[in-house]
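Welcome! Please take a look at the sequence and the 3D structure below, and then read on for a short tour.

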Amino acid sequence: MQNDQNLIIQIQHSNNKDAAFTELVKRHQQKMYYQIKRMVNEHADADDISQQVWIKVWNKLDGFKMESEFSTWLFRVAYNETINFLKKQKRDLNHNQSEAFLDYENASSSSNGPKSTQIQIALEQAIKQLPEKQQFVFMLRYYEELNYEKIAKITGTTIGGAKANFHQALKKMEEILKNT
Amino acid sequence: MSTNNNNNIFEDKQLVHSLFSSEALKQIAEKNNEVPVGYFENYESKLLAQIKSTQNKPKRFVYSKWGQMAIAACFFSVITGTYLFIENRINNNLITANVRLQEITTSEINAYVNANEELAEIDWQSEITKEASSLELINTHLMKDTNNAQ
């Protein structure tokens with residue numbers, strides 16, 4: 001089985017490009033999709049964003065210098081796309097937090113999927129209230145179990161910065177839960 | 001390094017579980033892992049087909065509402081400008097023609113005609129004399145030639 005680097009070399013040399021790209025997508029799509037979905041909650045939005053990410057990857061893969069792992073680069077593109085989406089969504093909602101909060105609460109307690117508990121809803125809302133970067137770092141560390149070096153590269157910060165983001169996120173979530 | 005990193009992850013997870021319900025965190029993960037049935041099946045092929053279709057599409061420039069209005073305004077101003085320019089030129093020509101005819105008096109016209117007639121006569125007479133002198137020259141030459149021959 002070929003590693004990511006070999007597949008990228010094949011793509012860059014237009015040697016069996018389609019098959020190599022398909023293999024890359026197959027390997028990384030699920031992890032990337034789930035990370036995006038944790039941030040945006042809706043499947044349709046997560047699907048749109050992940051498609052945009054792959055289109056960008058396809059267009060920019062020729063210039064990828066392999067200075068970092070492919071998965072790190074992919075998550076960095078996903079991070080940028082997700083942050084842009086969330087900022088646009090915030091603008092569109094006109095910072096109407098109560099409306100967003102209500103929608104989110106309804107979505108969280110909908111009958112589809114596993115039954116949500118009060119603690120789960122409260123925790124989800126606490127996570128949603130975090131700044132996007134802290135939220136992304138928390139998800140990468142807790143759910144994807146990535147090391148701080150990788151998280152730092154993805155979010156464009158230092159290792160210390162990534163650690164600080166994670167701990168600030170925990171502190172903030174704790175405060176939010178205490179106040180609810 | 002890897003063990004150290006794993007330990008750090010373990011420590012961080014322990015910290016998270018000490019602060020928040022691990023069951024709730026698990027439920028959040030489960031909820032986010034829900035996808036429509038068959039979503040990941042052949043995802044890569046569908047994605048590649050979509051990328052190819054977007055690349056094959058000819059590039060179309062889509063202008064915004066303001067862009068479209070600006071283009072329409074440009075067209076309108078060019079057409080209106082051309083029409084006004086042509087219209088203005090025609091009017092100017094008619095006016096100058098009218099002004100000129102009105103400005104010239106009958107006496108001036110008569111004087112112009114007479115002067116031209118005189119000039120024409122003078123020219124005509126000089127032409128006749130020129131012709132006659134050249135004919136005379138030819139005749140004298142012919143006379144000389146016949147005398148020499150005899």
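## Around Asn165(A)

Apart from neighbours within four places in sequence, Asn165(A) is in contact (heavy atoms within 4.5 Å) with Lys133(A), Gln134(A) and Val137(A). Asn165(A) belongs to helix 9 of chain A, where helices are DSSP runs of H or I with at least four residues, numbered from the N terminus. With a relative accessible area of 11%, Asn165(A) is buried; buried means under 20%, exposed over 50% and partly exposed in between, using a 1.4 Å probe and protein chains only.

Please keep in mind that this is a predicted model, in which local features need pLDDT of at least 70, side-chain atom pairs count only at pLDDT 80 or more, and totals for chains, interfaces and linings use all residues. Residues are numbered from 1 along each chain as its sequence is written, chains are lettered from A and ligands numbered from 1 in the order in which they are written, and side-chain values use heavy atoms, leaving out hydrogens and water.

## Two helix pairs

Axes here are lines fitted to C-alpha atoms, for helices over the stretch in contact, and angles run from 0 to 180 degrees between N-to-C directions.

| Helix pair | Angle | Axis distance |
|---|---|---|
| Helix 8 (residues 148-155) and helix 9 (residues 159-179) of chain A | roughly 95 degrees | within 8 Å |
| Helix 6 (residues 118-128) of chain A and helix 2 (residues 22-32) of chain B | about 75 degrees | 9 Å |

Helix 8 and helix 9 of chain A are therefore roughly perpendicular to each other, a label for angles of 65 to 115 degrees. Their contact involves Tyr148(A), Glu149(A), Ile151(A) and Ala152(A) of helix 8 and Ile159(A), Ala162(A), Lys163(A), Phe166(A) and His167(A) of helix 9.

Helix 6 of chain A and helix 2 of chain B are likewise roughly perpendicular to each other. Residues making this contact include Leu123(A) and Ile127(A) from helix 6 of chain A, and Leu25(B) and Ile28(B) from helix 2 of chain B.

## The core and the confidence

Which residues touch the most other members of the largest nonpolar core? Among its 64 residues, they are Phe21(A), Val53(A), Trp54(A), Val57(A), Leu61(A), Phe70(A) and Phe138(A). Such a core is a set of buried Ala, Val, Leu, Ile, Met, Phe, Trp, Tyr and Cys residues joined through side-chain atoms within 4.5 Å. Helix 2 (residues 17-40) of chain A gives the most to this core, with ten residues. Beyond its neighbours within four places in sequence, Trp54(A) has contacts including Phe21(A), Phe70(A) and Tyr43(B).

Chain A has a mean pLDDT of 87, and 87% of its residues reach 70 or more; pLDDT is the predictor's confidence in each residue, from 0 to 100.

Notes. Helices (H or I, at least four residues) and strands (E, at least two) are DSSP runs, numbered from the N terminus. Angles under 35 degrees count as roughly parallel, over 145 as roughly antiparallel, 65 to 115 as roughly perpendicular and the rest as oblique.
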